Amino acid sequence: MKFFLDTANVEAIKAITELGLVDGVTTNPTIISREGRDFETQIKEICQIVDGPVSAEVTGLTTDEMVEQARNIAQWHDQIVVKIPMTKAGLKATHQLAKEGIKTNVTLIFTVSQGLMAMKAGATYISPFIGRLEDIGSDPYQLIADLRQIIDHYGFKSEIISASIRNAAQVEAVARLGSDIATIPDAVFSKMVAHPLTTSGLEQFMKDWAAFKTLK
């Protein structure tokens, strides 16, 4: 399974990319707004750091607005994937962009039907939201399993990006279910590295080694 970082923070992207585990980056208008920088400048800088897809989202609500914005955004860098919302207008835009060879990531998917429609429209990626579904008491893991089954059965080319990840347990769950990608906030990614038994074990190793060297 591929790991994407769900952040636009350049310093966090640089630090985690150095671990050799980052396959791409996803952003959205909320994430971009937190950085307080020009949208295009921010995305282009991220593309220089990461060797993989970088999702940048349109803000238009009509098909024409989305397509126009997508064509512009796609020109910024060849790694860019344009995020499109899961709406009728978004599906129409996705279909048009697919015919033009522009990669898309259809976002805000919460049902199998939505995922299936995005696949048929030609989405390069589909982004079901894990954390938000759990928030309302729905089962996001059945959604991932169903989408995986549909892709495998019918041969759709779309890849599943499990989004709205809140903790390591969610990453582990979607990995077991065959999600192609998990897009993970940098804070969650950092927590995935650590475990209290790893910390205490290392401390014990170092104490034992220091005692051993003293005896010698």
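Is Lys14 buried, exposed or partly exposed? With a relative accessibility of 34%, Lys14 counts as partly exposed, where buried means under 20% relative accessible area, exposed over 50%, and partly exposed in between (1.4 Å probe, protein chains only). The model examined here is predicted, so local features need pLDDT of at least 70, side-chain atom pairs count only at pLDDT 80 or more, and totals for chains, interfaces and linings use all residues. Residues are numbered from 1 along each chain as its sequence is written, and side-chain values use heavy atoms, with hydrogens and water left out.

The overall layout comes first. The protein contains 11 helices and eight strands; helices (H or I, at least four residues) and strands (E, at least two) are DSSP runs, numbered from the N terminus. Its C-alpha trace spans about 75 × 40 × 30 Å along the principal axes. Of the 216 residues, 44% are buried. Among contacts (heavy atoms within 4.5 Å) with a separation of 6 or more, 56% are between residues 24 or more positions apart.

In soluble globular proteins, nonpolar side chains tend to be buried together. A nonpolar core is taken here as a set of buried Ala, Val, Leu, Ile, Met, Phe, Trp, Tyr and Cys residues joined through side-chain atoms within 4.5 Å. The largest such core has 52 residues, and those with the most contacts inside it are Ile43, Val82, Ile126 and Ile184. Helix α8 (residues 140-154) gives the most to this core, contributing five residues. Another core lies apart from it and has five residues, among them Phe4, Val81, Ile161 and Ile181. As for Val82, when neighbours within four places in sequence are set aside, its contacts include Ala56, Val58, Ala70, Ile73 and Ala74, as well as Ile102, Lys103, Thr104 and Asn105.

Helix α8 also packs with another helix. The axes of α6 (residues 112-121) and α8 come within 10 Å and cross at roughly 35°; axes are lines fitted to C-alpha atoms, for helices over the stretch in contact, and angles run from 0 to 180 degrees between N-to-C directions. The crossing is right-handed, that is, the near helix is turned clockwise from the far one by less than a right angle. On the α6 side the contact is made by Val112, Gly115, Leu116 and Met119, and on the α8 side by Leu143, Asp146, Leu147, Ile150 and Ile151.

Charged pairs complete the picture. The structure holds nine salt bridges, each defined as a side-chain nitrogen of Lys or Arg within 4 Å of a carboxyl oxygen of Asp or Glu. One of them joins Glu159 to Lys2, with the closest N and O atoms 2.8 Å apart. This pair links distant parts of the chain, with Glu159 in strand β7 (residues 159-162) and Lys2 in strand β1 (residues 2-6), 157 residues apart. Glu159 is partly exposed at 21% relative accessible area, and Lys2 is partly exposed at 30%.

Glu11 is exposed, with a relative accessible area of 55%.

Asp180 and Arg148 form a further salt bridge (3.1 Å, N to O). Asp180 sits in the loop between α9 (168-176) and β8 (181-184), whereas Arg148 belongs to helix α8, 32 residues apart.
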